[in-house]
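Colleague: Before I use this structure, I would like to go through the terms applied to it. Please set each value against its definition.

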Amino acid sequence: MKTLIPAVLILSSMVIADSNGLGPYGLSGWPGLPCSDILPQGTLRTGASLEYIDTDGGAMVAVPLRGCWGAFEDFELAAEIPFVPLDDVWEGSLLGDVTVAGGWLYETTRGGTALKLTGRITLPTGEEYRDRGAEFALGGVTSTTFLDFRLSMAGEYALNGKQDPFDSKIRDVFYFTGGGSSYITPDLLVNGSLSGSTSGVLQASAGLQIILSDDLSADCGVFTDLE
């Protein structure tokens, strides 16, 4: 079996729409770091990433397409469709696991602290070993501001059925993320996070976002697995 992904370099991630960016599964946030923001009702945010993935078994290039829509007041819907045009590791299909997710702003307190409840369904449209497979997950994200930093913590409990949830043994897993973001200038934001799961995965990330205009921003960053 070939080694799993130890490092990901996001060369560019373009986001079209106002406000921040797109986080995991297309919900509001940044690459690798979710936050408690909710898109305003009627707002559509779209983005695409170009990711170079280096492993001991070869290289992969992934192009995830993401979209987020402020469907109702305090509620957003998101989707992520990943394409893998280059796969020297698994030599798998062009399509990865498709995810549909939602976020509901449950509560906001004084000082900017907020709690967003999340849920998602991931379809086993990708490859065994390369992709997680079928998952149903519920969780939450809380964010708060401390001095010039915004801290975010997220947790998610998921049921995983691999490539065939009707035949495979269902296992449960908990995913967690913690990190922060801060504006260096009005048009430049830096962020970092540490994420992992009870299945033994631990990953660190660092990135920055450049706001090119009111309706366009670009992200770049690096992810690496910790052993």
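Modeller: A contact here means heavy atoms within 4.5 Å. On that basis, and leaving aside residues up to four places away in sequence, P82 touches V63, P64, L94, L95, G96, D97 and V98. Bear in mind that this is a predicted model.

Colleague: Where is P82 found, and why does P82 count as buried?

Modeller: P82 is found in strand β6, residues 75-87. Buried means under 20% relative accessible area. P82 has 14% relative accessibility and therefore counts as buried.

Colleague: How many helices and strands does the protein have?

Modeller: There are 0 helices and 14 strands. The pattern along the sequence is accordingly β-β-β-β-β-β-β-β-β-β-β-β-β-β.

Colleague: What makes the protein as compact as a globular protein of that length?

Modeller: The globule rule is 2.2 Å times the number of residues to the power 0.38. For 227 residues the rule gives 17 Å, and the radius of gyration is 17 Å, close to that value, so the protein is as compact as a globular protein of that length. Along the principal axes, the C-alpha atoms fill a box of roughly 50 × 35 × 35 Å. Buried residues make up 45% of the 227.

Colleague: What is known about contacts between residues at least 24 apart, and about the accessible surface?

Modeller: Taking contacts between residues at least 6 apart in sequence, 51% join residues at least 24 apart. The accessible surface comes to about 11500 Å², and 64% of it belongs to carbon and sulfur atoms.

Colleague: How many positive and negative side chains are there?

Modeller: The protein has 12 positive and 29 negative side chains. The centres of the two sets lie 5 Å apart.

Colleague: Why is the pair E51 and R66 called a salt bridge?

Modeller: The cut-off is 4 Å between a side-chain nitrogen of Lys or Arg and a carboxyl oxygen of Asp or Glu. The closest N and O atoms of E51 and R66 are 3.7 Å apart, so the pair meets the definition. This pair links distant parts of the chain, with E51 in strand β4 (residues 44-55) and R66 in strand β5 (residues 58-72), 15 residues apart. Both E51 and R66 are buried. A search of the whole structure finds 9 salt bridges.

Colleague: What parts does the pair R120 and E135 tie together?

Modeller: R120 and E135 form a salt bridge with their closest N and O atoms 2.6 Å apart. R120 lies in strand β8 and E135 in strand β9 (residues 134-146), so the pair ties together parts that are 15 residues apart in sequence. Both R120 and E135 are buried. A network of salt bridges links R120, R132, E135 and E156.

Colleague: Where is N20 found, and why is N20 called buried?

Modeller: N20 is found in the loop between β1 (7-16) and β2 (29-30). Its relative accessible area is 13%, under the 20% cut-off, so N20 is buried. N20 and I211 are 191 residues apart in sequence, yet their C-alpha atoms are 8.8 Å apart in space.

Colleague: What is the phi of Y25, and is Y25 buried or exposed?

Modeller: Phi of Y25 is near 65°, a positive value in a residue other than glycine. Y25 lies in the loop between β1 and β2. With a relative accessible area of 18%, under 20%, Y25 is buried.

Colleague: Why is K162 called partly exposed?

Modeller: K162 has a relative accessible area of 42%, so K162 is partly exposed. K162 lies in strand β10 (residues 149-162). K162 also has a positive phi of about 55°, although it is not a glycine.

How values were computed: Residues are numbered from 1 along each chain as its sequence is written. This is a predicted model: local features need pLDDT of at least 70, side-chain atom pairs count only at pLDDT 80 or more; totals for chains, interfaces and linings use all residues. Side-chain values use heavy atoms; hydrogens and water are left out. Helices (H or I, at least four residues) and strands (E, at least two) are DSSP runs, numbered from the N terminus. Buried means under 20% relative accessible area, exposed over 50%, partly exposed in between (1.4 Å probe, protein chains only). Accessible areas come from the Shrake-Rupley method with a 1.4 Å probe; for residues, only the protein chains shown count as cover. Lys and Arg count as positive and Asp and Glu as negative; His and the chain ends are not counted. The place of a charge is taken as NZ of Lys, CZ of Arg, CG of Asp or CD of Glu.
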